[in-house]
Amino acid sequence: MKTYNLKEITFPSADEKHTIYGEIYEPTVSPVRGVVQLAHGMTDYVARYEWLASALTDAGYVFAGHCH
């Protein structure tokens, strides 16, 4: 059973030439206990950590990360 809502986000990079892609997993229960920001390696991607997002949202945390 999915216990989070997934939001896909984009925002401009500092050089204003590129777009940064990210994901925010929000728990469906409240109150939110905190936020965990993922900083992964250059060849990785946020969706690979869906298992972690699921565990954290089950515990009441927002999980967020962006792709480098």
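Modeller: We take the labels one at a time, on a predicted model.

Biologist: How do you know which pieces the chain has?
Modeller: The chain has one helix and four strands. Along the sequence, the pattern is β-β-β-α-β.

Biologist: What makes β1 and β2 a pair?
Modeller: Two strands pair if DSSP finds at least two bridges between them. β1 and β2 have nine bridges, in the antiparallel sense. So they meet the definition of a pair. As one example, E8 has E23 in β2 as its bridge partner.

Biologist: What lies between the strands in the hairpin of β1 and β2?
Modeller: Six residues lie between the strands of that hairpin. E16 takes a positive phi near 60 degrees in this hairpin.

Biologist: How do you know that β2 and β4 pair?
Modeller: Again, count bridges. Strand β2 (residues 19-27) and strand β4 (residues 61-67) share five, in the antiparallel sense. The cut-off is at least two bridges, so this is a pair.

Biologist: Which residues in β4 stand opposite Y25 and Y21?
Modeller: Y25 faces F63 in β4. Y21 stands opposite C67 in β4.

Biologist: In what order do the strands of the sheet stand?
Modeller: The order is β1-β2-β4-β3, the sheet is open, and the pairing is mixed.

Biologist: Why are β1 and β3 said to stand at the edges?
Modeller: β1 (4-12) and β3 (34-38) each have a single partner strand, so one side of each has no neighbour in the sheet. From one strand to the next, the twist averages 20 degrees.

Biologist: What makes a residue count as buried, and what share of the chain does?
Modeller: Buried means under 20% relative accessible area. Of the 68 residues of the chain, 34% count as buried.

Biologist: Which residues count as charges, and how far apart are the mean positions?
Modeller: Lys and Arg count as positive, Asp and Glu as negative. The chain has 5 positive and 8 negative charges, and their mean positions are 3 Å apart.

Conventions: Residues are numbered from 1 along each chain as its sequence is written. This is a predicted model: local features need pLDDT of at least 70, side-chain atom pairs count only at pLDDT 80 or more; totals for chains, interfaces and linings use all residues. Side-chain values use heavy atoms; hydrogens and water are left out. Buried means under 20% relative accessible area, exposed over 50%, partly exposed in between (1.4 Å probe, protein chains only). The place of a charge is taken as NZ of Lys, CZ of Arg, CG of Asp or CD of Glu. Axes are lines fitted to C-alpha atoms, for helices over the stretch in contact, and angles run from 0 to 180 degrees between N-to-C directions.
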